[in-house]
Amino acid sequence: MMSRHLSRRAFLRTTAAAGLAACVAGRAGAARSGAKPPNIVLIMADDLGFETIGANGGTSYHTPVLDGMAKRGVRFEHAYAQPLCTPSRVKIMTGIYNVRNYVQFGVLDPKETTFAHLLKKAGYATCVVGKWQLKGGLDGPHHFGFDEYCLWQLTRRPNRYPNPGLEVNGKEVDYTNGEYGPAVVSDFACDFIRRHKDKPFLVYYPMILTHCPFEPTPDSKDWDPASKGSKNYKGDAKYFGDMVTYMDKMVGKILATLEQAGVRDNTLVLFTGDNGTDKPVVSTLRGRKVAGAKGNTSDAGTRVPFIVEWPAAGASGKVCHDLVDFSNVLPTLCEAAGVEVPASLNIDGWSFLPQIQGKEGNPRQWIYCWYSRSGKSKQAKEFARNQRYKLYRSGQFYDVPNDPQEKQPLDTATLKGDAAEVCQALQAALDKYADARPDRLG
């Protein structure tokens, strides 16, 4: 088993292997003799940090569906998103770090290739439901590889929860009879699954929940079907628990539909969050309080739940301590589907499908983050990290488990042993991306 800490020599070996792995991603899946390509469902909750899920040790909320997925599948302890929604969406859909393709908040560069493009080209029926936030107009989802869609925040930003305004396959649709946005979009996903059960399909579900405004769900005691939504942007954080439970319920609805359609066994289901929990929310994880830190590059802003279940081909009841970030998702989906990732895309991630299957695979020795909400380089924060240590471009070096809020940087001049070795390797990772920002992006 490879060490979780990285020597400089191991870093160089891993960097070379990563480039090769990105080029050949998909070959192992394609080699499965005569096997039908799996269906793929990727679910990404909005503003949901690692600490909110029971299977991760969270005790504040009720998440029985996700806890069950973790018992039957693989739960990742060290999965990391970007600190904010649009940066994470750009990264997960393209497999490329923000430093090389992030334009600005609310935008996905029309020139980018997504996992939907690659799977659609391979014969997959493709669908996206939930929250878009990437512009492109009514044709935007089609442009990025999706056959069908039911979305909020595509051409406008009306209410998202009770009586929502959505965009559905090229039309703006306003709901006024007590409908609930998360239920409407998940219904659309379930209908898509039923209609396409006889061919491989991709459902990408970037959820509307659990983003503020915090307000009652249809399962809350004070749900009002006539409501037009909270008048306050944040709403009342006391409803966050209800929203987490309803989010979990929507995941269960998708799983039940897969079962009823007879395709759950050969469907790869992945669940994650797009960034940390929002700041008004304080949760309990393994006996300690965790304040939401959305928009912050600390653990509470970037560490997210990541649970994968694939009954036909995945491991069962496994906890994986390998590093995963959103650049790994595209090549993993492609490998599972037997789809080649074109070398010309020059993606940053490589597949973790072997870990999903209970194998060693090629574990990451570090992850890298370039984060700027505006897309301006002068406002960017950059770091590289492993499971324990984290090094910022500014030189600040943290022992994260012992300093999760990053209040006491270690003196890099006095480091010894493992800490010194890791710091050197993380600096090499940062150096790798020192000049990666294209001039056209600023």
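Reader: Is Tyr-97 buried or exposed?
Author: Residues are numbered from 1 along each chain as its sequence is written, and side-chain values use heavy atoms, leaving out hydrogens and water. Buried means under 20% relative accessible area, exposed means over 50%, and partly exposed lies in between (1.4 Å probe, protein chains only). Tyr-97 has a relative accessible area of 1%, so it counts as buried.

Reader: Which residues does Tyr-97 contact, leaving aside its neighbours within four places in sequence?
Author: Contact means heavy atoms within 4.5 Å. The contacts of Tyr-97 are Lys-91, Asp-325, Ser-327, Asp-348, Arg-364, Trp-366, Ile-367, Tyr-368 and Tyr-433.

Reader: What is the mean pLDDT of the protein?
Author: There is one stretch to treat with care: pLDDT stays under 50 over residues 1–33. Where pLDDT is low, the predicted coordinates should not be read in detail. Across the protein, 92% of the residues reach 70 or more, and the mean pLDDT is 93.

Reader: How many aromatic pairs does a search of the whole structure find?
Author: Rings of Phe, Tyr and Trp (its six-membered ring) pair if their centres lie within 6.5 Å; planes under 30 degrees apart count as stacked, over 60 as edge-to-face and the rest as tilted. With that rule, the number of pairs found in the whole structure is 19.

Reader: How many residues apart in sequence are the parts that Phe-76 and Phe-352 tie together?
Author: These two rings form an edge-to-face pair, 5.4 Å centre to centre with 75 degrees between the planes. Phe-76 is buried at a relative accessible area of 0%, and Phe-352 is buried at 3%. Phe-76 lies in strand β2 (residues 74–80) and Phe-352 in the loop between α11 (329–337) and α12 (353–356), so the parts they tie together are apart in sequence by 276 residues.

Reader: Which residues do ring pairs link into a cluster?
Author: Start with Phe-115 and Tyr-204, an edge-to-face pair at 5.2 Å centre to centre and 90 degrees between the planes. Phe-115 is in helix α6 (residues 115–121) and Tyr-204 in strand β7 (residues 201–206), 89 residues apart. Phe-115 is buried at 0%, as is Tyr-204 at 1%. The cluster consists of Phe-115, Trp-132, Phe-144, Phe-146 and Tyr-204.

Reader: Which residues touch the most other members of the largest nonpolar core?
Author: A nonpolar core is a set of buried Ala, Val, Leu, Ile, Met, Phe, Trp, Tyr and Cys residues joined through side-chain atoms within 4.5 Å. In soluble globular proteins, nonpolar side chains tend to be buried together. The largest core here has 69 residues, and the ones touching the most other members are Phe-115 and Phe-306.

Reader: How many residues are in the second, separate core?
Author: Phe-306, from the largest core, has contacts that include Phe-76, Leu-270 and Phe-352. The second core is separate and includes Met-69, Val-185, Phe-240 and Leu-255; its residues number 53.

Reader: Which ring does the charged end of Arg-364 sit over?
Author: A charge sits over a ring if NZ of Lys or CZ of Arg is within 6 Å of the ring centre and within 35 degrees of the ring normal. One example is Arg-373, which lies over the face of Phe-105 at 3.9 Å from the ring centre. For Arg-364, at 4.7 Å from the centre, the ring is that of Trp-350.

Reader: How far apart are the end C-alpha atoms of helix α9?
Author: The expected span of a helix is 1.5 Å times one less than its number of residues. Helix α9 (residues 240–260) has 21 residues and should therefore span 30 Å. The model agrees, since the end C-alpha atoms are apart by 30 Å.

Key:
Predicted model: local features only at pLDDT ≥ 70, side-chain atom pairs only at ≥ 80, totals over all residues. pLDDT = per-residue confidence, 0-100. Helix = DSSP H or I, 4+ residues; strand = E, 2+ residues; numbered from the N terminus.
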